[in-house]
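Reader: I am new to this structure and would like to learn how to read it. Could you take me through it one feature at a time?

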Amino acid sequence: MLSLVASVLQCGEGAARGSSSSENPWAAEHIEGLPIDIRREVFARARVCGNTPAALHYFSVSIDAGGTRFVSLHFEDFVCTNRAAVCTDGLCLHQLYVDFRGRQRLIFSTRARDLRMFNNDDTVGIEVTGGPSAGRYRWQGGRFVRSVILKERW
C-alpha cells in the first residue's frame with residue numbers, strides 16, 4: 001500500500017513539473033489560454049520574431065490582489081528566431097498587464113533578467129532584477145511606482 005501511495009505521489013510531482021515525455025515544453029497552448037488582448041500582442045511579437053508563437057509553461061504568470069488580476073509575460077521563455085527582438089545582453093523583455101473592465105492593458109514593460117510579482121497585503125508588488133528598471137515597485141491603482149520599502153508577506 002505504501003509503495004502505491006509513493007508511486008502516485010511521484011507521478012503527480014512529475015506531472016506538476018511538466019516532465020511528461022509526451023508534452024512539448026515549447027507549445028502554442030501556453031499562449032492560447034491568454035486573454036485575447038494579450039494574445040494579439042504576443043502574435044504581433046511572434047511576427048517580429050519570424051516564427052509561429054510558442055512558449056514554455058511559465059511564459060505567462062498571473063496574480064490576483066485586491067480584486068484585480070495581473071498577468072506578466074517573460075520573453076526569455078518565448079520562441080523567437082530573431083532573438084534580439086526579445087533578448088539582448090542577457091536582458092529579456094518582460095511585460096505586465098492589468099485587467100481593466102474586462103480588457104487587458106499593458107502597464108509595465110522593461111528588459112530585465114527577471115520580473116517577479118508578489119502579493120503584499122492585497123497589493124501587487126514587483127521586483128525587477130537587472131536592467132534599467134531594476135528595483136522594487138508597488139501598484140498604486142493606475143501604475144507601478146518605485147518602492148524603497150516593500151516587505152514581502154508569504
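Reader: Let me begin with S147: is it buried or exposed?

Author: Burial is judged by relative accessible area: buried means under 20%, exposed over 50%, and partly exposed in between, using a 1.4 Å probe and protein chains only. S147 has 7% relative accessibility, so it counts as buried. Do keep in mind that this is a predicted model, where local features need pLDDT of at least 70, side-chain atom pairs count only at pLDDT 80 or more, and totals for chains, interfaces and linings use all residues. Residues are numbered from 1 along each chain as its sequence is written, and side-chain values use heavy atoms, with hydrogens and water left out.

Reader: Which residues does S147 touch?

Author: Contact means heavy atoms within 4.5 Å. Not counting residues up to four places away in sequence, S147 touches R136, Y137 and R138. With R138 there is also a polar contact between the two side chains, at 3.5 Å. Such a contact is a pair of N or O atoms within 3.5 Å; within protein, one must be able to donate a hydrogen and the other to accept it, and residues adjacent in sequence count only if both atoms are side-chain atoms.

Reader: Where is S147 found?

Author: S147 lies in the segment after β9. Helices (H or I, at least four residues) and strands (E, at least two) are DSSP runs, numbered from the N terminus.

Reader: What order do the strands of the open sheet have?

Author: Strands of a sheet pair through backbone hydrogen bonds, either parallel or antiparallel. Two strands count as paired if DSSP finds at least two bridges between them. Here four strands form an open sheet in the order β6-β7-β8-β9, with antiparallel pairing. β6 (114-120) and β9 are at the edges with a single partner strand each, so one side of each has no neighbour in the sheet.

Reader: How many bridges join the neighbouring strands?

Author: Seven bridges pair β6 with β7, and there M117 stands opposite I126. Four join β7 (residues 123-129) to β8 (residues 135-139), where G125 has R138 as its bridge partner. Three join β8 to β9 (residues 144-146); R138 stands opposite V145 there. The hairpin of β7 and β8 has five residues between its strands, and G130 in the turn has a positive phi of about 75°. The hairpin of β8 and β9 has four residues between the strands, with G141 at a positive phi near 85°.

Reader: Which residues of the largest nonpolar core touch the most other members?

Author: In soluble globular proteins, nonpolar side chains tend to be buried together. A nonpolar core is a set of buried Ala, Val, Leu, Ile, Met, Phe, Trp, Tyr and Cys residues joined through side-chain atoms within 4.5 Å. In the largest one, of 19 residues, L34, V42, F59, L73 and F78 touch the most other members. Helix α3 supplies the largest share, four residues. A second, separate core of 16 residues includes I107, L115, V124 and Y137.

Reader: How many salt bridges does the structure hold?

Author: Side chains of opposite charge can pair when their charged atoms come close. A salt bridge needs a side-chain nitrogen of Lys or Arg within 4 Å of a carboxyl oxygen of Asp or Glu. The structure holds five. One of them joins E127 to R136, with the closest N and O atoms 3.6 Å apart. Another links R40 and D37 at 3.1 Å, N to O. R40 is partly exposed at 48% relative accessibility, whereas D37 is buried at 11%. D37, R40 and R103 are linked in a network of salt bridges.
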